[in-house]
Number of protein chains: 2
Amino acid sequence: MAVQQTTVNPDLAVERQNATFNAEELTYFLYNGPEWTKRKRYLQNLAIQGVAKLKLKQYATLSREEQYESGLQKGAYAITMVKKLGLKSPAERMLFTEAVNPHEATGFNLHNSMFTDTINRLASDEQKEKWLPLVQSFRMVGTYAQTELGHGTFLRGLETTATYDPQTKEFILNSPTISSIKYWPGGLGKTANCCVVMAQLISNGQNHGMQSFMVQIRDYDTHEPLPGVTVGDIGNKFGYAGIDNGFLRLNNVRIPRENMLMRYAKASVLENGTFVHPKSDRLVYGTMTMVRSAIVHDAGRGLAKAATIAVRYSAVRKQSEIQPGAGEVKVLDFQTQQQKVLPQVAAAYALMFTGRNVLAFYMQVTSQIEKGALEELPQLHALSAGLKAVSSWDATNGIEACRLACGGHGYSQASGIPKIYVDVCPSCTYEGENTVMTLQTARYLIKCYNQLRQGEQLPSLIRFLQSPLEGRSSLDNQLELQELLAAFEHRARRMVHEVGQKLQTAAEEGKKSHEAWNSNSVELSAAAVAFAQAYIVKVFTDTVSRMEGKVKAVMTSLCQLYALDGIIRYLGDFMKDGYISSEQAVLLQSQLLTLLAELRPNAVALVDAFDFPDAVLDSALGRWDGNVYEALYDYSLRSKLNEKQVLDAYHKYQRPFMESQWKNCPQAAVTSRL
Amino acid sequence: MAVQQTTVNPDLAVERQNATFNAEELTYFLYNGPEWTKRKRYLQNLAIQGVAKLKLKQYATLSREEQYESGLQKGAYAITMVKKLGLKSPAERMLFTEAVNPHEATGFNLHNSMFTDTINRLASDEQKEKWLPLVQSFRMVGTYAQTELGHGTFLRGLETTATYDPQTKEFILNSPTISSIKYWPGGLGKTANCCVVMAQLISNGQNHGMQSFMVQIRDYDTHEPLPGVTVGDIGNKFGYAGIDNGFLRLNNVRIPRENMLMRYAKASVLENGTFVHPKSDRLVYGTMTMVRSAIVHDAGRGLAKAATIAVRYSAVRKQSEIQPGAGEVKVLDFQTQQQKVLPQVAAAYALMFTGRNVLAFYMQVTSQIEKGALEELPQLHALSAGLKAVSSWDATNGIEACRLACGGHGYSQASGIPKIYVDVCPSCTYEGENTVMTLQTARYLIKCYNQLRQGEQLPSLIRFLQSPLEGRSSLDNQLELQELLAAFEHRARRMVHEVGQKLQTAAEEGKKSHEAWNSNSVELSAAAVAFAQAYIVKVFTDTVSRMEGKVKAVMTSLCQLYALDGIIRYLGDFMKDGYISSEQAVLLQSQLLTLLAELRPNAVALVDAFDFPDAVLDSALGRWDGNVYEALYDYSLRSKLNEKQVLDAYHKYQRPFMESQWKNCPQAAVTSRL
């Protein structure tokens with residue numbers, strides 16, 4: 001357990017005593033052993049102590065402007081320290097940064113990620129040599145501007161133009177319409193002085209498609225917008241208050257020809273304006289799959305935080321009696337509460353394991369690509385797209401379920417869950433809208449289905465499609481992990497075959513393939529979800545098989561819970577073809593309830609094992625010491641509305657209104673005491 | 001359609017032309033005919049024009065403090081006007097107030113509702129005579145303080161004490177612990193100067209249970225807190241920024257004996273401190289059921305707004321191609337998008353119809369009660385509790401689904417949906433936490449199940465429990481409404497019988513009833529949900545049967561969609577006992593997709609019929625004229641961060657950080673232009 005010494009609420013202490021396993025062992029499993037766990041805690045503590053010295057107000061008590069300001073301050077601190085400590089691994093940087101500003105995006109977020117990555121990926125060596133020192137030294141502070149007011153996922157639809165002027169050897173950038181205004185890029189509004197702009201390249205009157213351009217938007221010294229540039233913050237959002245998502249309108253902004261990013265489009269616009277087509281951009285998929293794989297893990301981590309908060313609070317919150325007259329009990333003792341929170345704990349582990357797995361797959365494919373082998377890239381692409389969708393949806397729903405499981409107090413920002421929710425839920429939309437993602441996965445699955453019909457062998461990832469469709473589940477009260485996995489694979493197989501058959505029939509009937517695709521897309525999307533869920537169950541069962549002892553025992557139950565919860569939620573899918581019988585359905589429902597009771601004593605230990613420091617949870621309800629009411633009260637005292645006993649708003653609006661009402665009430669005028 | 005003249009986006013105009021029915025006719029149906037529709041529009045326009053004259057900034061662009069202030073200003077305006085116009089009916093007041101501050105709670109919210117209601121309900125005639133003039137003239141501004149930091153649903157658990165002092169004939173109010181601090185009451189923090197406090201009555205050393213006390217907390221003239229009173233705002237929440245939910249800590253606050261609310265507890269504390277038990281509080285259920293019934297309608301209305309925004313936006317937003325190369329299409333043309341938004345339109349109608357139905361049931365029961373007939377009260381109580389839970393859950397999930405269906409822009413406060421979401425989602429928790437509600441409904445269902453076993457006749461509401469359990473669905477591609485309803489009633493019946501049998505078995509095995517209840521509570525809760533859903537389907541089908549012509553045709557399809565969507569979502573429930581066969585399941589899934597295509601051309605007309613003025617939607621995406629990008633851009637320009645080109649935060653944190661980074665980079669220092 002993390003080093004946190006306080007007087008622990010006895011209701012929470014007793015939960016820890018009653019656990020059947022050592023949470024610390026599970027922590028070691030999660031964080032690659034004791035050594036790395038120690039390092040993790042060292043970095044987190046360093047960050048937390050460092051931030052404490054900045055003496056900032058609690059994030060939830062700040063105004064939006066202050067949250068933006070605090071984001072710059074903390075972001076700058078994190079970047080400085082990451083450099084100073086020489087943290088190279090993404091995991092170390094993430095842990096340190098998360099502990100500085102947990103779920104608090106900052107104006108610098110895109111600089112060190114998309115902006116720098118894009119330069120590394122798309123700039124020529126000369127360009128890198130010129131720009132990277134300026135980027136690393138923050139002379140250039142940048143972001144990446146792709147999305148427009150009217151255009152998102154569909155790249156070819158973007159309207160911003162970069163027209164080559166062979167006279168001056170410049171590109172002229174324009175936002176020709178309202179819908180072409182760049183909109184949403186993080187840090188664009190107020191923080192960045194440069195950005196990479198995606199625009200339609202027009203040369204000699206011909207449109208050559210999307211290219212990337214480095215554009216300076218603000219003066220390096222005065223930070224004022226440059227001529228032709230209209231830039232600003234897009235206003236309040238559901239969350240992301242700390243970051244200045246921005247808009248950018250370009251009016252005849254000229255940039256030198258050398259500012260087109262040229263690694264793959266080398267000399268693609270000759271000085272006279274002739275366009276040379278770039279090489280395959282298949283490698284571009286690499287970064288996208290990496291980002292999507294990371295989302296899977298982040299979604300799991302976000303859900304793990306919300307689940308930690310909900311479980312700990314459920315162990316200290318007392319509400320209503322089970323036995324009339326015997327006094328109120330912990331809400332965690334109610335079966336309905338167990339059903340709300342324990343599946344979320346299971347899902348958090350499932351997604352974190354899967355995120356790690358798919359990142360490893362990414363590393364493997366990347367190293368193959370470097371050797372020129374691109375075979376596994378389509379698999380990785382299909383898998384990461386589907387997992388990105390399922391994990392972000394499940395985490396979003398799960399975090400909100402955890403918030404609602406905290407009752408009224410879950411609605412206070414003091415609970416910490418709203419902050420996590422609004423930070424995680426956009427991952428359903430960014431880096432590929434989820435439904436678009438599932439349909440990309442489905443595209444791959446249908447390709448495999450067609451290969452199978454041609455008698456071809458499928459890649460291992462997808463080989464379960466080859467098994468017979470007629471099977472019946474052998475699931476019984478043993479809940480063998482292999483049988484649970486078999487159920488998920490069967491369901492995915494049936495759904496892919498069913499919709500594949502429909503597309504086949506449509507084709508045979510002479511229907512246009514794009515129309516057939518659209519009119520089957522609900523089922524295609526569902527099949528992709530089923531595929532991704534089967535993969536998650538597979539990763540969870542594989543992971544549990546590598547565990548030992550008491551940890552293995554409890555994690556086996558948790559894995560069973562995860563799978564059973566999925567089967568019950570999608571029961572129709574499993575019963576539709578008789579794969580799971582009515583008798584089995586009844587049995588599985590009752591086994592699910594048995595598992596809840598079985599896991600109940602380990603609930604707190606299971607979330608303790610995530611090992612989040614209090615500062616990362618930033619929650620009055622999820623505190624390690626369980627002293628929730630003191631923390632809530634303390635939070636309230638810091639409300640800005642409490643800075644004065646009687647607010648100006650009282651004198652300005654309330655009092656005059658009251659007087660206007662009571663002036664005709666003789667009784668009121670003379671009453672000064674109840 | 002409402003009177004709103006602008007240049008309408010042609011993509012939206014064509015949708016309206018293509019509808020197969022007249023939206024205005026459906027509006028008349030929703031709002032009780034043309035006369036009342038006219039009145040509704042008159043009041044809404046009056047409110048909107050009145051607010052426009054106040055020249056307030058857009059709510060989403062304000063800070064929390066400003067939102068509170070704007071709440072006072074608008075709240076005062078609405079109250080003044082409602083009085084001036086002499087609006088008596090709750091519907092008229094709601095429509096006017098909603099148009100003034102849509103989904104923007106204000107500090108006065110509780111004064112005119114819970115505070116006044118409680119006095120009307122629990123105060124004696126003398127007390128009313130004394131207090132009501134002060135309340136109506138706003139000399140007293142009040143709220144209702146029940147919830148404590150550590151105590152919510154379970155009333156007996158409240159810790160605040162009111163100890164009678166026979167010497168002075170006063171009650172002494174105390175918050176003896178941190179967890180006893182009153183927490184959450186709306187308006188308590190800064191606005192109210194009085195509140196009704198629920199507290200344990202202690203007299204002569206004996207605890208006589210919960211009573212209500214009128215307590216003055218702030219000076220009528222200075223508005224400063226009175227001695228012994230610690231009061232303030234609880235801080236930022238997920239939403240509800242306009243209202244000062246507050247905390248209240250009482251330290252030996254003395255109030256006269258006459259301040260105990262005495263209607264049902266008349267002279268219940270004699271001057272010498274003797275306690276006389278009050279009469280039955282069964283009537284108290286009345287108000288609770290009324291509030292819960294109103295939540296059903298409000299949930300539907302909130303969902304209707306989100307659905308209006310999502311559908312209209314889906315008809316103007318273009319994204320990706322269906323036919324490659326043929327250009328981007330409206331997202332509403334994608335089957336997956338239809339599946340996201342159309343079931344929400346259906347659910348909005350279902351909940352609004354049901355809300356109206358259960359309010360009528362409430363009126364009927366109330367008039368019976370006045371004649372001394374209490375027989376139907378338990379039915380109303382069980383029904384309203386279950387419907388409250390299902391409607392608030394479905395609206396909460398549905399609103400968020402609508403937000404996600406708007407892609408990235410749904411995340412901007414400009415979309416209007418976050419404001420609706422955070423205003424509606426607390427209804428899952430307040431006025432009875434949803435799971436507690438479903439278990440109350442289940443309690444009633446099990447009572448009926450046991451009566452049935454005893455051979456007793458059941459009340460009509462619940463008579464479907466008596467039908468045989470062995471049936472098989474006759475559903476076919478005709479999707480007869482009665483067959484759809486039969487499916488929902490069968491499912492509810494099976495689930496009640498199944499869990500009833502389990503409780504029976506447990507009793508026969510000698511298990512303690514409270515333990516058996518808890519260990520079956522997940523299934524009990526699910527059975528109650530099934531019961532409420534069957535009721536909603538019944539109301540929807542009944543309502544459609546009263547319609548005519550083309551409106552009836554499209555609403556029949558919508559009702560079918562609502563029911564089918566529910567069957568597919570809970571397919572396992574319907575298949576578990578073979579009631580719906582595999583063949584039927586396949587058919588129903590495909591019928592669902594057919595319905596989506598069939599309803600697609602009427603999507604916009606169906607939401608137009610809700611007849612929400614733009615000001616009530618307060619959404620850049622849901623505008624009647626469809627000019628969404630202009631509105632989004634306009635919203636952005638008003639961001640507080642745009643008040644200055646270069647913010648103080650830049651000089652304070654960003655610039656010093658940048659300089660610290662580039663000071664060691666010779667290249668950076670000399671570069672002043674990209």
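**The annotated binding site and the chain interface**

Modeller: To begin with one residue of this predicted model, T147(A) sits in the loop that connects β1 (142-145) to β2 (161-165) in chain A.

Biologist: Is T147(A) buried, partly exposed or exposed?

Modeller: A residue counts as buried under 20% relative accessible area and as exposed over 50%. The relative accessible area of T147(A) is 29%, so T147(A) is partly exposed.

Biologist: Which residues does T147(A) touch, not counting residues up to four places away in sequence?

Modeller: The loop that holds T147(A) lies between β1 and β2 of chain A. Beyond the excluded sequence neighbours, the residues that T147(A) touches are G152(A), I181(A), K182(A), Y183(A) and W184(A).

Biologist: Which residues does the UniProt annotation "binding site" cover, and why can they be said to gather at one spot?

Modeller: According to the unreviewed UniProt entry, the "binding site" annotation covers T147(A) and G186(A). They span 40 residues in sequence, yet their C-alpha atoms are not more than 10.9 Å apart, so they gather at one spot.

Biologist: Where is G186(A) found, and is G186(A) buried or exposed?

Modeller: G186(A) belongs to the loop between β4 (182-183) and β5 (194-203) of chain A. Its contacts, leaving aside neighbours within four places in sequence, are L110(A), T143(A), I243(A), D244(A) and N245(A). With a relative accessibility of 7%, G186(A) counts as buried.

Biologist: Which residues of chain A span the UniProt feature "domain: Acyl-coenzyme A oxidase N-terminal", and what percentage of the span is helix?

Modeller: The unreviewed UniProt entry places this feature at residues 22-140 of chain A. The end C-alpha atoms of the span lie 49 Å apart.

Biologist: Where is K74(A), and is K74(A) buried or exposed?

Modeller: K74(A) is placed in helix α4 (residues 64-85) of chain A. Apart from residues up to four places away in sequence, K74(A) touches V51(A), L56(A), V100(A), N101(A) and E104(A). Its relative accessibility is 7%, and K74(A) therefore counts as buried.

Biologist: Which parts of chain A does the salt bridge of D233(A) with R64(A) tie together, and how far apart are they in sequence?

Modeller: The closest N and O atoms of D233(A) and R64(A) are 2.7 Å apart. D233(A) is buried at a relative accessible area of 0%, and R64(A) is buried at 10%. Because D233(A) lies in strand β7 (residues 229-233) and R64(A) in helix α4, the pair ties together parts of chain A whose separation in sequence is 169 residues.

Biologist: How many residues does each chain bring to the contact, and what area is buried between them?

Modeller: Chain B gives 155 residues and chain A gives 156 residues. On the side of chain B, F238(B), Y411(B) and L674(B) lose the most area to chain A, together 7% of what that side buries. Carbon and sulfur atoms give 59% of the area buried between the chains, which is about 13100 Å².

Biologist: How many salt bridges does the rule find across the interface of chain B and chain A?

Modeller: One of the pairs that cross between the chains is R655(B) with D221(A), with the closest N and O atoms 3.2 Å apart. The rule also finds 82 residue pairs in polar contact across the interface. The number of salt bridges found there is 8.

Biologist: Which residues of chain A does A668(B) touch?

Modeller: A668(B) lies in helix α23 (residues 666-670) of chain B. Its relative accessible area is 0%, so A668(B) is buried. Leaving out residues up to four places away in sequence, A668(B) touches W662(B) and, in chain A, L134(A), S137(A) and R139(A).

Notes:
Residues are numbered from 1 along each chain as its sequence is written. Chains are lettered from A and ligands numbered from 1 in the order in which they are written. This is a predicted model: local features need pLDDT of at least 70, side-chain atom pairs count only at pLDDT 80 or more; totals for chains, interfaces and linings use all residues. Side-chain values use heavy atoms; hydrogens and water are left out. Contact means heavy atoms within 4.5 Å. Buried area is the accessible area (1.4 Å probe) that two parts lose on being put together, summed over both. A salt bridge is a side-chain nitrogen of Lys or Arg within 4 Å of a carboxyl oxygen of Asp or Glu. A polar contact is a pair of N or O atoms within 3.5 Å; within protein, one must be able to donate a hydrogen and the other to accept it, and residues adjacent in sequence count only if both atoms are side-chain atoms. UniProt positions are given in the numbering used here, feature names are shortened, and annotations may be inferred rather than shown by experiment. Helices (H or I, at least four residues) and strands (E, at least two) are DSSP runs, numbered from the N terminus. Buried means under 20% relative accessible area, exposed over 50%, partly exposed in between (1.4 Å probe, protein chains only).
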